[in-house]
Amino acid sequence: VLTARHYAKYLHEHQAHFRLISLALTDSKQHLPDTEGLKVMAEVHPILLRISEEFERAKHQAVLAIEDSSACTLVFWTAVQGVMSMKKLERFAPDQLNNEILLKHTLQTLFTAWGAGVEAVELAFIKADEGLK
C-alpha cells in the first residue's frame with residue numbers, strides 16, 4: 001500500500017515526470033531503443049523485486065494466500081499504473097473517477113482477493129498514510 005500511495009503522491013508532486021513514465025508504459029510505440037529500454041528496466045527491477053519480496057513475506061506470514069509473488073507484483077503494478085493513468089479523466093466525473101478513491105478500491109479488491117482481511121487492508125492504508133507524512 002505504501003508503494004502505491006507513494007506513487008500517487010509522486011503523480012501530484014512531479015506531474016511532468018509522471019506523464020513521461022505513464023507515456024512510456026502505456027503507449028504501444030517504442031520511445032527508446034532496446035539498449036536504453038534495458039537500462040530503464042534495470043532501474044525498475046529493484047522496485048518490482050522489493051514489492052515481490054513483500055508479497056512473499058506476506059505469503060509466509062499467512063497474510064496473503066498467493067502462489068506466485070512475481071505474478072502478483074505485476075498485477076499490482078499494472079493495476080496501480082492503470083488507476084494513476086485515469087487522473088486526467090477525474091475532472092469529468094470527480095465522484096466516480098477520483099484517483100485516490102479508485103486506488104484504494106483497487107488495492108482493497110486485490111488484497112482481499114488474495115486473502116487479506118478487510119481490517120488488515122484498512123490498517124495498511126493507515127500505516128501507509130502515516131509513512132508518507
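## An exposed loop residue

Ala62 is exposed, with a relative accessible area of 65%. The cut-off for that word is over 50%. This is a predicted model. Ala62 sits in the loop between helix 3 and helix 4.

The backbone of Ala62 deserves a look. Its phi is near 60 degrees, a positive value in a residue other than glycine. Most residues other than glycine have a negative phi.

## Helix 3 against helix 4

Helix 3 covers residues 34-60, and helix 4 covers residues 69-84. They pack at an angle of about 120 degrees. Their axes are 8 Å apart. Angles of 65 to 115 degrees count as roughly perpendicular, and those over 145 as roughly antiparallel. Helix 3 and helix 4 are therefore oblique to each other. Their crossing is right-handed.

Which residues of helix 3 meet helix 4? They are Leu48, Ile51, Ser52, Phe55 and Glu56. On the helix 4 side, the partners are Ser69, Ser70, Cys72, Thr73, Leu74, Phe76 and Trp77.

Leu49 is also found in helix 3. At 39% relative accessibility, Leu49 counts as partly exposed. Leu49 and Ser69 are 20 residues apart in sequence. In space, their C-alpha atoms are 9.7 Å apart.

Helix 1 runs over residues 2-13. At 1.5 Å a residue, its 12 residues should span 16 Å. Its end C-alpha atoms are 16 Å apart, so the two values agree.

Which residues of helix 1 are buried? Ala4, Arg5, Tyr7, Ala8 and Leu11 are. Seen down the axis of helix 1, the buried residues fall within an arc of 160 degrees, so they line one face of the helix. An α-helix has 3.6 residues a turn, so residues three or four places apart point the same way.

The cut-off for buried is under 20%.

Set aside the neighbours of Arg5 within four places in sequence. Arg5 is then in contact with Glu100, Leu103, Phe125, Ala128, Asp129 and Leu132. Among these partners of Arg5, Phe125, Ala128 and Leu132 are buried residues of helix 6.

## Helix 1 beside helix 4

Helix 1 also meets helix 4. Their axes come within 11 Å and cross at roughly 30 degrees. That angle is under 35 degrees, so helix 1 is roughly parallel to helix 4. The crossing of helix 1 and helix 4 is right-handed.

From helix 1, the contact is made by Ala4, Tyr7, Ala8 and Leu11. From helix 4, it is made by Phe76, Trp77, Val80, Gln81 and Met84.

## Helix 5 against helix 6

Helix 5 (residues 99-113) packs against helix 6 (residues 118-132). The angle is about 140 degrees, and the axes are 10 Å apart. That makes helix 5 oblique to helix 6. Their crossing is right-handed.

What makes the contact? Helix 5 supplies Lys104, Leu107, Gln108, Phe111 and Thr112. Helix 6 supplies Val118, Val121, Glu122 and Phe125.

Helix 6 has 15 residues. It reaches 21 Å from its first C-alpha to its last. That is close to the 21 Å expected at 1.5 Å a residue.

Val121, Phe125, Ala128 and Leu132 of helix 6 are buried. Seen down the axis of helix 6, these buried residues fall within an arc of 65 degrees, so they line one face of the helix. What covers them includes helix 1 and helix 5.

The other side of helix 6 has Glu119, Lys127 and Glu130, which are exposed. Glu119 has a relative accessible area of 63%. Glu119 and Phe76 are 43 residues apart in sequence. Their C-alpha atoms are 19 Å apart in space.

Notes:
Residues numbered from 1 in each chain as written. Predicted model: local features only at pLDDT ≥ 70, side-chain atom pairs only at ≥ 80, totals over all residues. Heavy atoms only, no water. Helix = DSSP H or I, 4+ residues; strand = E, 2+ residues; numbered from the N terminus. Expected span 1.5 Å × (residues − 1). Buried < 20%, exposed > 50% of the residue type's maximum accessible area, 1.4 Å probe, protein only. Arc of directions from axis to C-beta. Axes fitted to C-alpha atoms, helices over the stretch in contact; angles between N-to-C directions. Left-handed = near helix turned anticlockwise from the far one by under 90°. Contact = heavy atoms within 4.5 Å.
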